[in-house]
Amino acid sequence: MKKSIFEIYALAVCFVALLCFVIALGIGVYDLIQITNPDFTLNAYEYERYQSNEAFRGSPGRALGGFAPGIPVQPRRRPEEEVTQQREESYQAALRSERRGGMQSLIRIVIILAIDVLVFVPHWLLVRRTRVANMAT
C-alpha cells in the first residue's frame, strides 16, 4: 500500500508531537515532585548549606560585616539561636522558591502539552481520513 505525501507528512508531525508530549510529560512529573517535595529537588549545594549552622555561616552571601577598602572585616559572633533561626527562615524561603519554580515550570509544560494536542489531533485525523480514503479505492 503506497502512502501519499500528505499521509507521510501527517505521520511525521504526529511522531514529533508524540516525542514532545513524552518529554513534556517527564518534565511535568518532575515539576510535580518539585512542588510537593521541594527539599528533595533542592540542589545539593543549597541543601547542604542548611544542614548545620557552621555550613550556613560559611556559605557565600552571608557576610556579617561591611566591606571598606583597606579596613579588615571583623565579623561579630552572633548567638547560636539567632543563627539557627536565620538558617531555618532562609531554608523555608529556599523551599518556597523551589516550589514556585516548579509551579512556573509546570505551567509552561501545561501550555506546551495543550499546543502539542492541538497539533497532534488534526494531523492524526488527517492520517485516519487518508487511510479510509485509500481503502475505499
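This protein chain has 5 helices and 0 strands, with helices being DSSP runs of H or I of at least four residues, strands being E runs of at least two, and both numbered from the N terminus. It's a predicted model, where local features need pLDDT of at least 70, side-chain atom pairs count only at pLDDT 80 or more, and totals for chains, interfaces and linings use all residues. Residues are numbered from 1 along each chain as its sequence is written, and side-chain values use heavy atoms, leaving out hydrogens and water.

**The chain overall**
- Along the sequence, the pattern reads α-α-α-α-α.
- Of the chain's 137 residues, 27% are buried (under 20% relative accessible area; over 50% is exposed, in between is partly exposed, with a 1.4 Å probe and protein chains only).
- Take the contacts (heavy atoms within 4.5 Å) between residues at least 6 apart in sequence: 72% of them join residues at least 24 apart.

**Helices α1 and α5**
- The axes of α1 (residues 5–36) and α5 (residues 80–136) come within 7 Å and cross at roughly 155 degrees; axes are lines fitted to C-alpha atoms, for helices over the stretch in contact, and angles run from 0 to 180 degrees between N-to-C directions.
- That's why α1 and α5 count as roughly antiparallel (angles over 145 degrees).

**A look at Phe120**
- Phe120 sits in helix α5 and is partly exposed, at 26% relative accessible area.
- Leaving aside residues up to four places away in sequence, Phe120 touches Cys14 and Ala17.
- Phe120 and Ala17 are 103 residues apart in sequence, yet 5.9 Å apart in space, C-alpha to C-alpha.

Note on methods:
Angles under 35 degrees count as roughly parallel, over 145 as roughly antiparallel, 65 to 115 as roughly perpendicular and the rest as oblique.
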